[in-house]
Amino acid sequence: MPRTALRICPLCEATCGLTLTVDGTRVTGARGDRDDVFSKGFICPKGASFGAADADPDRLRTPLVRRDGVLREATWEEAFDAVAAGLRPVVERYGPHAVGVVLGNPNVHTVAGGLYPPLLLAGLRTHSLFSASTLDQMPKHVSSGLLYGDAGAIPVPDLDRTGHLLLIGANPLESNGSLCTAPDFPGRLRALKARGGTLTVIDPRRTRTARLADRHVAVRPGTDALLLAAMTHVLFEEDLVDLGHLAPHVQGVGEVAAAVRDFTPEAVAEACDVEADTIRALARELAAAPTAAVYGRIGSCTVPHGTLASWLVDVLNILTGNLDRPGGALFPLSATDKTPRPAGPGRGFALGRWHSRVRRHPEAKGELPISALAEEIDTATDEGSPVRAVIAIAANPVLSAPDGDRLDKALGTLDFMVSVDPYLNETSRHAHVVLPPPPPSQSPHFDFAFNALAVRNQVRYTRAAVPLEPGRMPETEILARLVLAATDWGLPRSGEAESSGAHGADPASVDSLVIEQTLGKAVASPHSPVHGRDPRELVAQLTGENGPERRLDLMLRLGPYGDGFGSRPDGLSLEKLLAHPHGIDLGPLKPRLPQPLKTASGKVELLPEPIAGDLPRLKRALGERATDLVLVGRRHLRSNNSWLHNVPALTGGSNRCTLHVHPEDAERLGLADGAPVRVRGAGGAVTAPVEITDTVRRGVVSLPHGWGHNRPGTRMRHAALDPGVNVNQLLDGSLLDPLSGTAVLNGVPVDVLPLDTPSRPASSARPLAPQN
């Protein structure tokens, strides 16, 4: 008899609750969970296709180990033996930084990805960390770190109570939201309008979100920071600044006023291709709204001034008094956050604690730019060793990072590579060992990352919907064993123990050691609810079926809503959470300042030095002009980067890899709808069919990202039927936002030519305000 099981959807950041129909061990259907405390029954096409994605026949079911140059099925023991044998010689010969760790976007959608990568990095002690963050969100982390002293302190718009929402570079009707976890984002925007609120969208494309807006401003790609700086100028010029309750917590307002003095609406209008009167209206409307929030996402991050644009989003919220107040932008408080410490000065946030070898890119939040991964592998310098081994966890940078061809070749030269991935894709095909996690139905789910970005405080946990298939290994155990095989985790840092490593130890020992260390710190902290208690007594109270659940129980009990191991009887624990299968609502977001601030001053530092140092580069952009055609990406509702192109139900229709071209540009260039064209950029050229549409502004063309499934040696049969092209091959990786190391993916110059036109060099012009 079919049965139902609850599951939180792991396929995007909305984290919707699902009710699965299960026949035996097979998921045969998925619908929205109407009793879910957060999503209340909302579901998108990705969630509805959960069963098809879960049962994809191309998912790997056993480990693969490369023997005689060929990846062959192996036992788990053989696979982890190969990992230990492959990684340790690299560390011993070249040092820890010769091991690169690459974390992909799906990593933050799993319990395992939230718990074990930090342990792997701590055990390896490598500086060679690369992640999808420098293709997406790192500018927001850096700007938050500089403003608030904590790169994880990201305020989110209070969607359900705001009266005025300004979106820049965001298309949540397609993405379902990003760095703003909000099930049914479309419904929340419609509710905003229904209660008389205003929606403004700034985007070079007339997206589905823009079509819903009261005002759509088609800004020229890459000029977001100029537009926001001009709006900030207007607030000062017209005496519209009103910090209100924020005044005691903010320093540097006068310095910001001086810093934006030259960014008048008239000065930026030509570069942005937005009339000065429109810019003034945007600022006035924002200041006049009783409650308002500015929210920027990937379109404003993956541009030459991504960190400045992210900083200015918060500056506008602060100067209008909308930060940290209901209806504005507030700091969520997750159930697994650390116990809030008393307000006061902290250690602050630093950039550039180390640098990449080749081009000396500064680290940001412990990461190097993923655009630099290929050169860190294939280029020798006088300083340090190249990366000779790679551990890739849920990462496909051959498609997601600039110049995939170069990275593709570089990965083939490694001494060793291990991928944790369910597919043999464009990146994992290079691995010497592939460790496949089980499908989502066979895994538990808790959103460690996204609950900290949610528009309402809540907590939900779902155990696996179906039993683990024979021969499978839980992803939590895979990563725990990887920690043991790759590092000396939990062992002394010197002597014989270090050289022998921890490979072969009980994977449960990883969780046990984390619990022991965490409780040791907690009982010693005067701000902890368990200060002064016996750690052994606390360990005995933990519940859960395994180590990961015991760690979750520990985090919940020590967290801001926790029971404190009995000191707060009404508080959270894993046992209480399991008794509420649809989740527990913890209430709307609340003002929290100054508690989240960890700056050296204990205040919001409105004009930190790195930001001030980068503003002259933005000023130089006032004198630059756009090239003939610039490229932007786009997102489809039924797609999530390169994850889901192997699921037939999620491909076809509008989810196609076409080049969007404005009708006037098409006529000028002699392009016909549906005809193939050659698109050429600094990193190479691709051929794609034209789709003529007025949803892009003149001078802008758009290709979606995540495509290009045509490389040999992969096992994604459906994706290969309509592979599309890799838009990131048009980029050579040289253009980065210097503060965050984020790749410039939007506003880059390209040439578009009919296939019968003789080839010529791509435009040498750069997008507005390149790195230096």
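Keep in mind that the model is predicted.

Let's start with the core. The largest nonpolar core holds 60 residues. Which of them touch the most other members? They are Tyr 148, Leu 226, Met 231, Trp 311 and Leu 606. Several elements each supply at least two residues of this core, including helices α6, α10, α12, α13, α15 and α25. As a general point, nonpolar side chains tend to be buried together in soluble globular proteins.

Take Met 231 as an example. Set aside its neighbours within four places in sequence. Met 231 is then in contact with Leu 166, Ile 279, Leu 282, Ala 283, Leu 286 and Leu 316.

There is another core, apart from the largest one. This other core has 57 residues, among them Phe 80, Val 111, Tyr 116 and Leu 577.

Now the rings. The model has 4 aromatic pairs. One of them joins Tyr 148 and Phe 331. Where do the two partners sit? Tyr 148 is in helix α6, and Phe 331 is in the loop between β14 and α16, so the pair ties together parts that are 183 residues apart in sequence. Both Tyr 148 and Phe 331 are buried.

Charges meet rings too. Arg 551 places its charged end over the ring of Tyr 116, 5.1 Å from the ring centre. Arg 557 does likewise with Phe 565, at 5.0 Å from the centre.

Next, cysteines. How many disulfides does a search of the whole structure find? The count is 0. Look at Cys 12. The closest cysteine sulfur belongs to Cys 44, but it is 5.2 Å away, so that is too far for a bond. Cys 12 has 7% relative accessibility, so it counts as buried. Cys 301 is in no disulfide either, with the nearest cysteine sulfur, in Cys 180, 13 Å away. Cys 301 also counts as buried, because its relative accessibility is 1%.

Helix α21 runs over residues 508-524, which makes 17 residues. From first C-alpha to last, α21 reaches 25 Å, close to the 24 Å expected. Its buried residues are Val 510, Asp 511, Leu 513, Val 514, Ile 515, Leu 519, Ala 522 and Val 523. What covers them? The cover includes α5, α19, α22 and α23.

Helix α12 comes next. Its buried residues include Val 268, Ala 269 and Cys 272. The buried residues of α12 pack against α10 and α13. Just after α12, Asp 273 takes a positive phi of about 60°.

Asp 239 is not a glycine, yet its phi is positive, about 55°. Asp 239 lies in the loop between α10 and β12. Asp 403 also has a positive phi, near 50°. Asp 403 is in the loop between α17 and α18. Are these two buried or exposed? Asp 239 has 67% relative accessibility, so it counts as exposed. Asp 403 has 15%, so it counts as buried.

One last spot. The peptide bond from Leu 593 to Pro 594 is cis, with omega near 5°. Pro 594 sits in the loop between β19 and β20.

Notes
Residues are numbered from 1 along each chain as its sequence is written. This is a predicted model: local features need pLDDT of at least 70, side-chain atom pairs count only at pLDDT 80 or more; totals for chains, interfaces and linings use all residues. Side-chain values use heavy atoms; hydrogens and water are left out. A nonpolar core is a set of buried Ala, Val, Leu, Ile, Met, Phe, Trp, Tyr and Cys residues joined through side-chain atoms within 4.5 Å. Buried means under 20% relative accessible area, exposed over 50%, partly exposed in between (1.4 Å probe, protein chains only). Helices (H or I, at least four residues) and strands (E, at least two) are DSSP runs, numbered from the N terminus. Contact means heavy atoms within 4.5 Å. Rings of Phe, Tyr and Trp (its six-membered ring) pair if their centres lie within 6.5 Å; planes under 30 degrees apart count as stacked, over 60 as edge-to-face and the rest as tilted. A charge sits over a ring if NZ of Lys or CZ of Arg is within 6 Å of the ring centre and within 35 degrees of the ring normal. A disulfide is a pair of cysteine sulfur atoms within 2.5 Å. The expected span of a helix is 1.5 Å times one less than its number of residues.
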